[in-house]
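Subject: The structure I promised you

Hi,

Here is the structure I said I would send over. Have a look at it first, then read on for what turned up.

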There are 2 protein chains.
Amino acid sequence: MRERKVDVFMKKNGLKIGDLIKVVEKDGTVYEGIVMPPYELSPGETLTIKLDNGYNIGVLIDAIESIEVVEKAKEAPKMEFREVLPRKEGLPDVTILGTGGTIASRIDYKTGAVHAAFTAEELAKAVPEIFDIANITPKLLFNIMSEDMKPEYWKRIAREAAKALNSGEDGVVIAHGTDTMGYTSAALSFMLGNLTKPVVLVGSQRSSDRPSSDAATNLICATRMATADAAEVMVVMHGETGDTYCLAHRGTKVRKMHTSRRDTFRSINDVPIAKVWPDGKIEYLRDDYRKRSEGEVEVDDRFEERVAILKIYPGITSELLEFLVDKGYKGIVLEGTGLGHTPNDMIPAIERAVESGVAVCMTSQCLYGRVNLNVYSTGRRLLKAGVIPCEDMLPETAYVKLGWVLGHTDDLGEVKKMMLTNYAGEITPYTRFDTFLR
Amino acid sequence: MRERKVDVFMKKNGLKIGDLIKVVEKDGTVYEGIVMPPYELSPGETLTIKLDNGYNIGVLIDAIESIEVVEKAKEAPKMEFREVLPRKEGLPDVTILGTGGTIASRIDYKTGAVHAAFTAEELAKAVPEIFDIANITPKLLFNIMSEDMKPEYWKRIAREAAKALNSGEDGVVIAHGTDTMGYTSAALSFMLGNLTKPVVLVGSQRSSDRPSSDAATNLICATRMATADAAEVMVVMHGETGDTYCLAHRGTKVRKMHTSRRDTFRSINDVPIAKVWPDGKIEYLRDDYRKRSEGEVEVDDRFEERVAILKIYPGITSELLEFLVDKGYKGIVLEGTGLGHTPNDMIPAIERAVESGVAVCMTSQCLYGRVNLNVYSTGRRLLKAGVIPCEDMLPETAYVKLGWVLGHTDDLGEVKKMMLTNYAGEITPYTRFDTFLR
């Protein structure tokens, strides 16, 4: 990897991870905090420091006027990417892949020691319970905030998960930021074929150095599901605001529905797969989930990145859609109103998009319910224009799926066929009445 | 109004509203149905016919191969735009403004008589109960599906509502399609100043010629709220799936959350104003709502239409944002992830947008909860770039508000101040715990 601005800056100033420093910015702002490891995949324009309140901030290198080391780090940081504790016979084997986010970041800022919380030792110190559930192999893939997640990272996670499962692990847990966890769980649901073991995404809404953190309960329940008899891509997060149980949601039907609550993740238009308690009790809420089986997990991560989501609103013009077509986008997921509508004066532009080979898919901004383009004339005109109605798929899931489908074919007939084929529970045959706002 | 294609076509073929016709399209498709009145404000490219199953379809004039009149309309259609029944002393006065949508369209296709269901006679036939609640003055403003709603129509509704209230009516009911009702209720909340009487939006999820229609209950409850002591812009729709009661939601906090359920409208991050029963019982669920008072209702409908909503997703590039800036948009509402984030590599483009005078506002695609740009470094970078955090406003409400604010000022400091000023309950000071998924 080329040397980034932050690497040069740290070298020039003799900064080590864990140093307590005072930074003065050109506009006079002063920050005091501990130097954090630069994110492996960040552009490297910023120096990350952890403030006394526990939050990380990024200071633009170019904005720094002066810097002063208040206290050198007490010990050299550990950044082992893989470390295995002695294996206990009789326990299942679980690999925990770190990708970043609140759950993965931990700093012992009392001593000044800094870890990208992903050695077995660190995990054991933070959440010792998981080592009684399984033999844990932690592996830090990268360390990014989930708002910076991209399709190329989805592919890397899919390959690493498959590699672990095919090398004999009983399950995989993926520690992930919560912002885009639902997109990643959908991506893995499509990219991992012939799934024979559990793949569980987990995150936390409060970092582990805050008393109200949900990190421990979520990670324990996620490890439980990773050793359970359910071969699905799942999101395991708090099921209610207390620390009593978690819910295991199907990866294609789950959405972050609240900015800050711990029980933010919800199954939309579907029932969660299971309730999971930290002590290992699992109550399955349905019986149509995939169970463990034999065989190699396959990775099919072909993905067309020129796909966009376009939300419809009163006053929207055709400009944005036409721009996407002009720019060579291959697919557009519309987040329509109601049953799946756009203003009628957008329909000619949609017709032209389809005629020029762009796959245009319809979902609803209502989120709950199912699109139906047969009820009103606007819908029928959209159908006639070639719009693909995405049943009860979430807009986010339809976006991920469309990128994956277009990675396999650009024939619009075939795209439609694949979009309407249920690959990973993303389409339910009918919507259960008791799934609204649950 | 200039003569549209559909007017010419109907004249040429001697078609009358109410005629039963058979249309053959160039591709061989055959439709049989009753000729409906062309929407007043539609571009006029289509002939609207009502099929036997009760649905309306639009047939493109250019696609018609041949046409045959199966049966002439039995009576001339009534299209009076205003008709008042004898006034009953002692009852309050309520104007019902028709704008279109499922609740407003009704055809007696057995007899072939067609009405844009908006004479007093028609309303009395459909929902006689409302004439015992108030002296009803119906007025059809236009007849469009709500997916075709636009800021210019919001202005017209605002002016007509104010006109009715200022001429002595006790309340106004606005019949509106459900797709974009939440946008319109937000627009009226900002456009109607010094509101001294109720303004109630109402719609239906099932048309009144279907047995499961919610049109009657909703219209009765809406009329009840229009005579109640609550001077707010409200949406009144089914509160649960049965026909027992409706909820009156504050116009800036309400959202359509399900494509087809009758209890689709929900207050987000807030408690509804009241429960309303058809028999007139009203249970207020809070005490901080505006009550009736004296004084003229003011209309302030200045509105900047060059505003857009942009939803953030993994893999989004800066292209769309840059395109909007290049096209001269004055405001952009981002529907960010989690607490209000974009990928870090979009931030330079956001900085440039703000530098060139574009107001960039942040909301969350979680819908529930509040944005907070102070928790993570990405958020702080966005704040530093000049992004305006929209508290717990719905993305849709923030979009409408930004257009309204930009209609008043293009000074970004002033825009920020106005966006963070609570004009119509769009910002709650803190989020009540019991409002999640209710």
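One term before we start: a salt bridge here is a side-chain nitrogen of Lys or Arg within 4 Å of a carboxyl oxygen of Asp or Glu. By that rule, twelve salt bridges cross the interface of chain A and chain B. One of them joins B:Lys384 to A:Glu25, with 3.0 Å from N to O. Please keep in mind that this is a predicted model.

**Where the two chains meet**

On the chain A side, 75 residues are in contact with chain B, and 76 residues of chain B take part in return. The size of an interface is often given as the accessible area lost when the parts come together. For chain A and chain B that comes to about 6,500 Å², with 55% of it on carbon and sulfur atoms.

There are polar contacts too: 34 residue pairs across the interface, counting pairs with both residues at pLDDT 80 or more. Several elements of chain A supply at least two residues each to the side that touches chain B, among them strand E4 (56–60), helix H4 (151–166), helix H9 (377–384) and helix H10 (395–406). Helix H9 of chain A gives the most, with five residues. If you sort the chain A side by residue type, you get 30 nonpolar, 23 polar and 22 charged.

**How the copies are related**

Two copies of a chain are related by a rotation about an axis and a shift along it. In our case, rotating by 180 degrees and shifting by 0.1 Å along the axis puts chain A on chain B, with an RMSD of 0.2 Å. That is the relation of a two-fold axis. Which C-alpha of chain A is nearest the axis? The C-alpha of A:Leu437, at 2.4 Å from it. The copies also meet through the same surface, because 97% of the interface residues of chain A are interface residues in chain B as well.

You will find A:Leu437 in the segment after helix H11 (412–419) of chain A. Is A:Leu437 buried or exposed? At 8% relative accessibility, A:Leu437 counts as buried. Most residues other than glycine have a negative phi, and most peptide bonds are trans. Phi of A:Leu437, though, is positive, near 55 degrees.

A:Asn194 also has a positive phi, near 50 degrees. A:Asn194 lies in the loop between strand E11 (192–193) and strand E12 (199–202) of chain A, and at 34% relative accessibility A:Asn194 is partly exposed.

**Inside the chains**

Chain A has eleven helices and 23 strands. Of its 438 residues, 63% are buried. Take the contacts in chain A between residues at least 6 apart in sequence: 70% of these join residues at least 24 apart.

Now find helix H5 (residues 181–191) of chain A. Eleven of its eleven residues are buried, so helix H5 of chain A is largely enclosed by the rest of the structure. The buried residues include A:Met181, A:Tyr183, A:Leu188 and A:Phe190.

Over in chain B, B:His176 sits in the loop between strand E10 (171–175) and helix H5 (181–191). B:His176 is buried, with a relative accessible area of 0%, and its side chain makes a polar contact with the side chain of B:Thr184 at 2.8 Å.

Cheers

Key
Residues numbered from 1 in each chain as written. Chains lettered and ligands numbered in written order. Heavy atoms only, no water. Contact = heavy atoms within 4.5 Å. Buried area = accessible area lost by both parts, 1.4 Å probe. Polar contact = N/O pair within 3.5 Å; in protein donor to acceptor, adjacent residues only side chain to side chain. Helix = DSSP H or I, 4+ residues; strand = E, 2+ residues; numbered from the N terminus. Nonpolar A, V, L, I, M, F, W, Y, C, P; charged D, E, K, R; others polar. Least-squares fit on C-alpha atoms with pLDDT ≥ 70 in both. Buried < 20%, exposed > 50% of the residue type's maximum accessible area, 1.4 Å probe, protein only.
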